[in-house]
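Have the model open while you read.

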Amino acid sequence: MNSDMDGDMENQVELEEKTRLINQVLELQNTLEDLSARVDAVKEENLKLKSENQVLGQYIENLMSASSVFQTTDSKSKRKASKGARKEK
């Protein structure tokens, strides 16, 4: 009779351990699913931001090419080069 009780106790402990492990596996699966969804969302946001960045970069480039402030002329370039050469002497 004592061995029957020991066997039942061992079976109960094993069953509780299996149940605990199954619950832990299920919890980890849910966490993995959540993380995977988050990674997908971040990838999507990253693509969106890259696209917006390209648009803004092109816009800035167009503004700079249209603005006279960012245009260099040959005479200005030559003056800067000759001033630099005089300073070196």
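1. How many salt bridges does the structure hold? There is one, taking a salt bridge as a side-chain nitrogen of Lys or Arg within 4 Å of a carboxyl oxygen of Asp or Glu. R20 and E17 make it through their side chains, at 2.7 Å, N to O. The two are about one helical turn from each other because they sit three residues apart in helix α1.

2. A word on the basis: this is a predicted model, where local features need pLDDT of at least 70, side-chain atom pairs count only at pLDDT 80 or more, and totals for chains, interfaces and linings use all residues. Residues are numbered from 1 along each chain as its sequence is written, and side-chain values use heavy atoms, with hydrogens and water left out.

3. Overall, you get two helices and zero strands (DSSP runs, H or I of at least four residues for helices, E of at least two for strands, numbered from the N terminus).

4. As for burial, 0% of the 89 residues count as buried. Buried means under 20% relative accessible area, exposed over 50%, and partly exposed in between (1.4 Å probe, protein chains only). R20, at 43% relative accessibility, is therefore partly exposed, and E17 is partly exposed too, with 37%.

5. I60 belongs to helix α1, residues 2–66. Its relative accessibility is 47%, so I60 counts as partly exposed.

6. UniProt lists residues 18–52 as "coiled-coil region" in an unreviewed entry; positions follow the numbering used here, feature names are shortened, and annotations may be inferred rather than shown by experiment. In the model that span is 100% helix and 0% strand, with its end C-alpha atoms 51 Å apart.
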